[in-house]
Amino acid sequence: MMSEEIIKDVIVGENEDYIINMGPQHPSTHGVLRLEVCLKGETVKYLVPHIGYIHRGIEKMCEANTYQQIIHLTDRMDYLSAHINNEAVCMIVEDAMQVEVPERVKYIRTILDELNRIASHQLWWCAFGMDLGALTSFFYGLRDREHILDIFEESFGSRLLHSFLCPGGLMHDVHPNFQKRTKEFIKYFKTKLPEYDQLLTGNIIFQNRAIGIGHMSRETAIGYGVTGPSGRGSNFACDVRKIAPYGAYDKVQFNEILETGCDVFARYKVRMAEMWESMSIIEQLIDNIPEGDYTAKMKPIIKLPAGEYFRRVETARGELAVYVVSDGNKSPYRMKFRTPNFSNLFVMNEIASGYKIADLIAISGSLDLVIPDIDR
Amino acid sequence: MPEAVFPEGTQLLEVIVPARKLFSLAERLKSDPILAFDYLISQTAVDFTTKFTVVCHLDSVKFRHMLVLKTELTDRENPVVDSLTALYPTAEFFEREIFDLFGIRFNNHPNLKRLFLEDDYGFPLRKDFRDEINIIER
């Protein structure tokens with residue numbers, strides 16, 4: 001009698017939620033993220049992201065550090081756009097102190113931004129291909145990314161977390177080979193990027209797993225604040241380089257890539273096209289770097305005038321906004337980082353519900369999440 | 001709205017409203033066709049020891065103008081403000097982060113739980129937070 005009831009329960013249990021954990025360690029997330037996924041068969045009913053595994057309290061640490069020290073903390077948020085994070089903090093200090101940075105600095109910063117963006121998109125491309133079962137893409141992507149990291153290493157002495165900027169300019173001038181090697185890289189990568197398309201973009205297996213998956217409407221993207229290539233794949237014009245140009249972006253011609261597909265493949269195409277745009281921006285700037293100082297004159301102790309400051313930049317993943325409340329001391333009273341991945345993560349429940357669990361890998365890959373950026 | 005205060009000399013246009021008016025003003029800012037503040041860039045809070053300030057940075061995708069919406073909460077023991085989740089879905093998670101780090105509660109929030117930290121942890125971004133084990137005072 002008892003056992004019959006149990007058997008009945010098992011069959012009846014079909015209507016109960018079947019919950020599995022994806023993560024905290026999972027190869028398709030760059031970091032520790034746990035997704036509590038509720039399944040019906042193999043269809044996702046809903047999912048709940050659990051974060052905080054690597055929360056370091058960077059905002060609290062900022063309150064005890066000087067602005068020069070904070071730059072080193074921002075590297076550790078979105079480590080694949082380390083240079084762009086540095087620039088956000090540098091620019092907010094320059095804004096507040098009304099320092100005019102030399103033209104040379106602006107040009108070099110913009111070139112480095114774009115190199116960083118290409119390197120980040122390359123790593124995304126190779127990891128995304130690998131998530132969907134194309135192992136070759138991993139080797140292609142890392143092979144080409146190595147060239148950019150070599151340029152960084154020569155100029156900054158580090159490959160991933162540069163901390164090369166300081167308020168007012170650069171730590172030191174770039175290496176004399178910088179221009180030559182960057183031009184060599186652009187020439188090289190222009191022959192390699194079409195290979196990416198041949199390998200993955202036109203691949204019918206890949207297309208079947210990407211087209212029509214993870215639909216995110218434009219309203220959803222704006223409502224959830226999904227920025228960067230993920231938002232632009234849903235036709236949400238959110239490129240801060242266009243809205244509020246900084247650095248040397250007002251001196252170059254480039255297009256904001258917008259796609260109307262709203263699916264995984266649209267977000268993929270935006271990133272592929274952005275690599276071409278980044279190369280075009282670098283080409284326009286690399287031969288015109290003006291001579292001059294590599295830094296403006298700054299006082300050794302930086303104290304921002306009391307007040308509130310706000311600055312937005314475009315990282316490889318979206319909009320990074322920095323909000324500083326200063327009380328006139330050498331460390332900020334409150335520092336807030338609005339990081340792109342934080343907003344990009346939480347849209348996942350909305351766009352993954354109703355798709356298969358195998359599609360969840362493609363969807364989370366297409367959002368290009370970096371977890372330390374969420375946890376801060 | 002007569003209670004709104006516009007402080008001068010700020011980097012961006014700012015509006016300070018009483019906490020009970022925050023939601024209705026945000027609703028108007030979003031729905032008015034010539035304002036159309038439909039994109040919440042960030043929402044955060046600042047502890048000024050005598051008061052908490054909740055700061056929302058709003059942006060309009062159509063017109064590209066920005067506005068800073070603020071509200072001040074003087075009750076330190078039990079700070080409460082209305083949630084903006086019904087207008088901006090992303091506010092749900094910004095508000096959970098604020099609740100986690102400042103202990104500010106939000107009315108009508110669908111799921112007000114801590115985001116990063118454990119339930120018995122204090123509110124670390126409050127200025128009177130002390131953690132002898134993990135934070136070394138200089």
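Predicted model: local features only at pLDDT ≥ 70, side-chain atom pairs only at ≥ 80, totals over all residues.
Two residues count as in contact here if their C-beta atoms, placed from the backbone, lie within 7 Å. Among the contacts in chain B between residues at least 6 apart in sequence, 43% join residues at least 24 apart.

What does the chain look like element by element? Chain B has 2 helices and 6 strands, and reading from the N terminus they come in the order β-α-β-β-β-β-α-β. The radius of gyration of chain B is 16 Å, close to the 14 Å from the globule rule for 138 residues, so chain B is as compact as a globular protein of that length. If you want a box for it, the C-alpha atoms fill roughly 50 × 35 × 25 Å along the principal axes. Buried residues account for 35% of the 138 residues in chain B.

Now for the strand pairing, with β4(B) as our guide. β3(B) and β4(B) make a hairpin with 6 residues between them, and in the turn R64(B) has a positive phi of about 60 degrees. As you step along the strands, remember that in a regular strand the side chains alternate between the two faces of the sheet.

Where do the two chains meet? The contact draws 23 residues from chain B and 24 residues from chain A. On the side of chain B that touches chain A, the largest share, 6 residues, comes from strand β2 (residues 39-47) of chain B. By type, that side of chain B splits into 14 nonpolar, 6 polar and 3 charged residues.

Let's finish over in chain A, with helix α4 (residues 82-97). Its 16 residues at 1.5 Å each should span 22 Å, and the end C-alpha atoms are 23 Å apart, so the two figures agree. Is α4(A) enclosed or open to the outside? Of its 16 residues, 13 are buried, so α4(A) is largely enclosed by the rest of the structure. Just past the end of α4(A) you'll find Q98(A), with a positive phi of about 55 degrees.

Terms used: Residues numbered from 1 in each chain as written. Chains lettered and ligands numbered in written order. Helix = DSSP H or I, 4+ residues; strand = E, 2+ residues; numbered from the N terminus. Rg over C-alpha atoms; globule rule 2.2 N^0.38 Å. Buried ≥ 20, exposed ≤ 12 C-beta atoms within 10 Å, placed from the backbone. Expected span 1.5 Å × (residues − 1). Nonpolar A, V, L, I, M, F, W, Y, C, P; charged D, E, K, R; others polar. Pairing = 2+ DSSP bridges.
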